[in-house]
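Q: Could you walk me through this one slowly? I'm still new to reading structures.

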Amino acid sequence: MARDNWSSRSTFILASIGSAVGLGNAWRFPGLAAKHGGGAFLLVYLAALFLLGIPLLAMEIAMGRRINQGVPGTLRTINKKAENIGWIAVSNGLFISVYYAVVFAWVILMFFLSFKFAGFTGAEDGIEQASGLWLETIKTTGTTSGYGTISFPVLGCLILAWGSCYYCIRNGSQSVGKVVKYTVSLPVICLIILAIRGITMPGAGEGIAKLFIPDWTALSDSTLWVDAIGQVFYSLSVAMAIMFAYGSYLKKDANVAVDTVIIALADMLISVLAAIVMFSTMAGTGMLDNMTASGISTAFIVYPQAIVNLTNSPVLNAIFAFVFYFCLITLAIDSLFSIVEGTTTAISDKFKINKKKTTIIMCVIEFVIGIFFCTGAGLAWLDIVDNFINSYTLVLTGILEAVAVGWFFKTGKVLEEINRNADGFKMPVGWFYISIKVITPVVLSLLFIWNIVSLFKNGGIYGAADGYSLSANIIGGWLIIALSVFSGAIVKLIVLHMKKKGYREDDRTWDDHQGSEETT
Ligand code: PHE
């Protein structure tokens with residue numbers, strides 16, 4: 001069966017930008033910039049993007065393109081054991097997609113509720129009503145107990161979220177290619193509209209100054225470095241099985257070296273644009289100091305408060321609320337479907353199951369698990385799972401990928417693949433080698449250790465101060481990590497069982513896959 005291919009170079013680039021540019025750009029990046037002295041954070045972010053982000057991204061795309069398989073199958077060709085790393089990446093994707101879809105559902109919910117902003121008037125009352133809107137509708141208890149209640153509006157939106165996700169990926173890269181034109185351009189247009197409103201507010205200049213003028217003292221805070229590196233990593237959608245899969249649908253003539261830089265820079269620029277929106281709007285509404293590093297509260301509590309004071313007309317404010325949440329919808333959808341594509345590509349390639357069937361089954365399973373996050377305890381559990389995956393398994397995957405390629409494989413072969421069709425710009429040998437062999441493993445290992453040490457310094461229970469229980473930490477954190485780490489072993493058991501029924505594993509190596517071959 002011929003493998004799907006992207007219909008054009010720009011389709012691939014747009015789909016990858018769509019994946020990279022997500023809710024993380026809209027709220028996590030501005031929140032972190034606010035926490036860490038604006039321009040100082042931007043500079044460290046930019047350095048980390050070049051030193052760690054771009055080489056790793058190029059590596060994932062180029063390897064996927066050569067082997068034409070999802071991440072486990074691709075890594076298997078360099079060493080059979082490396083396949084396990086691929087399954088950790090796939091597990092990251094599976095877990096993230098379950099809760100990312102719930103966050104997406106909240107965004108859809110707020111989009112539908114935007115008309116309510118037309119009724120929020122009066123400085124004090126309006127702000128209070130706006131900030132309560134989301135919290136009340138999702139019926140959260142704020143803690144890890146309270147599974148008894150469920151928010152039906154959220155559940156309804158979750159159905160919509162998975163339905164629209166499935167619709168976009170029902171025919172793989174073909175249907176993805178058709179929607180990404182819109183899901184990448186629309187949020188940019190919305191952000192520009194919101195930025196114009198923000199910048200033209202009296203007092204906005206103070207926010208812009210805070211964003212761009214570096215506060216050098218912030219550099220001495222080690223959490224700035226930790227946050228900047230983590231954000232580069234999360235934002236580029238690496239270590240989640242996505243970019244291997246997207247690369248695997250590339251034709252052999254693709255120019256990975258240049259496309260990677262375009263994707264990474266577009267991602268960064270859109271983050272900066274979102275930060276301009278946030279900083280100017282917050283300054284203009286007198287709430288600059290209310291910006292939090294936590295993205296979720298920025299999007300669902302703090303920004304709604306700002307909307308109330310965006311203009312003097314409540315109706316116009318409601319329109320801005322629509323634009324804002326529509327923007328988030330278009331930002332989130334292509335990240336969600338990319339992560340589902342990453343996991344379904346891996347599973348259907350490995351087990352030779354029809355891709356469409358895999359997609360339907362996975363969407364249904366992930367939806368059903370996600371219902372748990374629609375309960376009163378959902379928000380706290382979501383926060384825990386998100387924290388543990390971001391702090392540990394994503395970072396671990398990055399380390400293992402870099403070590404596998406940098407130390408246990410010929411790094412030059414991967415670089416050759418990145419630069420295969422490069423004309424003009426080529427990824428320099430020194431940049432790639434130093435990054436993959438040294439900087440990425442060392443820096444990410446430090447990040448990993450830092451995260452563990454901070455957890456135990458704070459008592460060992462994530463979110464204890466907010467009432468998160470130990471059992472929720474064990475199940476939502478440690479168990480998830482264990483499942484990810486042992487996912488390769490679980491797959492092996494399944495394969496053993498399937499082999500009895502005549503299934504044959506693909507044992508071709510990197511060199512068996514000729515760079516120029518047509519796919520099978
Ligand atoms: N880059 C995405 C973002 O910033 C991260 C992501 C991708 C999350 C895909 C989930 C799914 O939001």
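Q: Let's begin with Lys 413: how does its relative accessibility class it?
A: At 22% relative accessibility, Lys 413 counts as partly exposed, since buried means under 20% relative accessible area, exposed over 50%, and partly exposed in between, with a 1.4 Å probe and protein chains only. Lys 413 sits in helix H17, residues 411-418, where helices (H or I, at least four residues) are DSSP runs numbered from the N terminus.

Q: Which residues is Lys 413 in contact with, if I ignore its neighbours within four places in sequence?
A: Apart from those neighbours, Lys 413 is in contact with Trp 510 and Asp 511, where contact means heavy atoms within 4.5 Å. The C-alpha atoms of Lys 413 and Asp 511 are separated by 9.5 Å, and the two residues are 98 residues apart along the chain.

Q: Before I go on, what sort of model is this, and what do the numbers rest on?
A: This is a predicted model, in which local features need pLDDT of at least 70 and side-chain atom pairs count only at pLDDT 80 or more, while totals for chains, interfaces and linings use all residues. Residues are numbered from 1 along each chain as its sequence is written, and side-chain values use heavy atoms, with hydrogens and water left out.

Q: OK, new topic: how many residues does H3 have, and how far does it reach?
A: Helix H3, residues 39-67, has 29 residues and reaches 40 Å from its first C-alpha to its last, which is close to the 42 Å expected at 1.5 Å a residue; the expected span is 1.5 Å times one less than the number of residues.

Q: Where is the kink in H3 centred?
A: The kink in H3 is about 45° and is centred on Leu 49, the bend at a residue being the angle between axes fitted to the seven residues ending there and the seven starting there.

Q: And why is H3 described as largely enclosed by the rest of the structure?
A: That is because 24 of the 29 residues of H3 are buried.

Q: What follows H3?
A: H3 is followed by Asn 68, which lies in the loop between H3 and helix H4 (71-76). Asn 68 has a positive phi of about 60° although it is not a glycine, and at 7% relative accessibility Asn 68 counts as buried.

Q: What is the volume of the largest cavity, and which residues lie nearest its centre?
A: The largest cavity has a volume of about 140 Å³, a volume being the space filled by probe spheres set on the grid points, which are joined across faces, edges and corners. Its lining has 17 residues, and Ser 19, Tyr 100, Tyr 234, Ser 237 and Ser 335 lie nearest the centre, so we meet Ser 237 again here.
A: The largest pocket has a volume of about 1400 Å³. Of the 46 residues that line the largest pocket, Arg 28, Asp 383, Asp 386, Asn 387 and Tyr 462 are the closest to its centre, and the largest share of the lining, 11 residues, comes from H16.

Q: Last one: is Met 282 buried or exposed?
A: Met 282 is buried, with a relative accessible area of 0%, and its place is in helix H12, residues 256-284. Leaving aside neighbours within four places in sequence, the residues in contact with Met 282 include Met 287, Leu 288 and Tyr 303. The C-alpha atoms of Met 282 and Tyr 303 are separated by 7.9 Å, with the two residues 21 residues apart along the chain.

Methods: Helices (H or I, at least four residues) and strands (E, at least two) are DSSP runs, numbered from the N terminus. On a 1 Å grid over the protein atoms alone, a cavity is a set of points where a 1.4 Å probe fits but cannot get out, and a pocket is an open set with protein on both sides within 12 Å along at least five of seven lines; lining residues have an atom within 4 Å of a point.
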